[in-house]
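Subject: Structure handover

Hello,

Please find the structure below, followed by notes on what was found in it.

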Amino acid sequence: EATQHRDCNGAQLEAGDTVTLTKDLNVKGANFTAKRGTAVRGISLVADNPEQIEGRVNGQQIVILTRFVKKSG
């Protein structure tokens, strides 16, 4: 059985979804802050960890914890 990735509201996330950040996140190593309300399009799921997704913010590929995102649309 595949692990299920869920956002802060419990909605199931799938690869390719668009999510919105629910708080400002300091991005380690990239020296910028991903602002609350930023849309992250075309996410990918981290296969071995249901609490992490990957997405591109400000041109950087970053890992985001699912508790800090909500599914858009």
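A pocket here is an open set of grid points with protein on both sides within 12 Å along at least five of seven lines, and its lining residues have an atom within 4 Å of a point. Please keep in mind that this is a predicted model.

In that sense of the word, the largest pocket is lined by Leu25, Asn26, Val27, Lys28, Gln61, Ile62, Val63, Ile64, Leu65 and Phe68. The space inside the largest pocket comes to about 250 Å³. Strand β9 gives the largest share of this lining, five residues. Both β4 (25–27) and β9 supply at least two residues each. By residue class, the lining holds seven nonpolar residues, two polar and one charged.

Strand β9 also belongs to a sheet. Three strands make up this open sheet, ordered β7-β8-β9 and paired antiparallel. Its edges are β7 (44–45) and β9 (60–65), each of which pairs on one side only. Between β7 and β8 (residues 52–57) there are two bridges, and these two strands run antiparallel. Leucine 45 has isoleucine 53, in β8, as its bridge partner. As background, strands of a sheet pair through backbone hydrogen bonds.

Next, the charged contacts. How many salt bridges does the structure hold? There is one. Its partners are the side chains of lysine 71 and aspartate 17, at 3.4 Å from N to O. Lysine 71 sits in strand β10 (residues 69–71), while aspartate 17 sits in the loop between β2 (12–13) and β3 (19–21), so the contact ties together parts that are 54 residues apart in sequence. Are the two partners buried or exposed? Aspartate 17 has a relative accessible area of 15% and is buried, because buried means under 20%. Lysine 71, with a relative accessible area of 34%, is partly exposed.

Finally, the overall fold. The protein has ten strands and zero helices. The radius of gyration of the protein is 11 Å, close to the 11 Å that the globule rule gives for 73 residues, so the protein is as compact as a globular protein of that length. Taken along the principal axes, the C-alpha atoms fill a box of roughly 35 × 25 × 15 Å. Of the 73 residues in the protein, 30% are buried.

Regards

Notes:
Residues numbered from 1 in each chain as written. Predicted model: local features only at pLDDT ≥ 70, side-chain atom pairs only at ≥ 80, totals over all residues. Heavy atoms only, no water. Salt bridge = Lys/Arg side-chain N within 4 Å of Asp/Glu carboxyl O. Helix = DSSP H or I, 4+ residues; strand = E, 2+ residues; numbered from the N terminus. Buried < 20%, exposed > 50% of the residue type's maximum accessible area, 1.4 Å probe, protein only. Pairing = 2+ DSSP bridges. 1 Å grid on protein atoms, 1.4 Å probe; cavity = no way out; pocket = protein on both sides within 12 Å on 5 of 7 lines; lining within 4 Å. Points joined across faces, edges and corners; volume = space filled by probe spheres on them. Nonpolar A, V, L, I, M, F, W, Y, C, P; charged D, E, K, R; others polar. Rg over C-alpha atoms; globule rule 2.2 N^0.38 Å.
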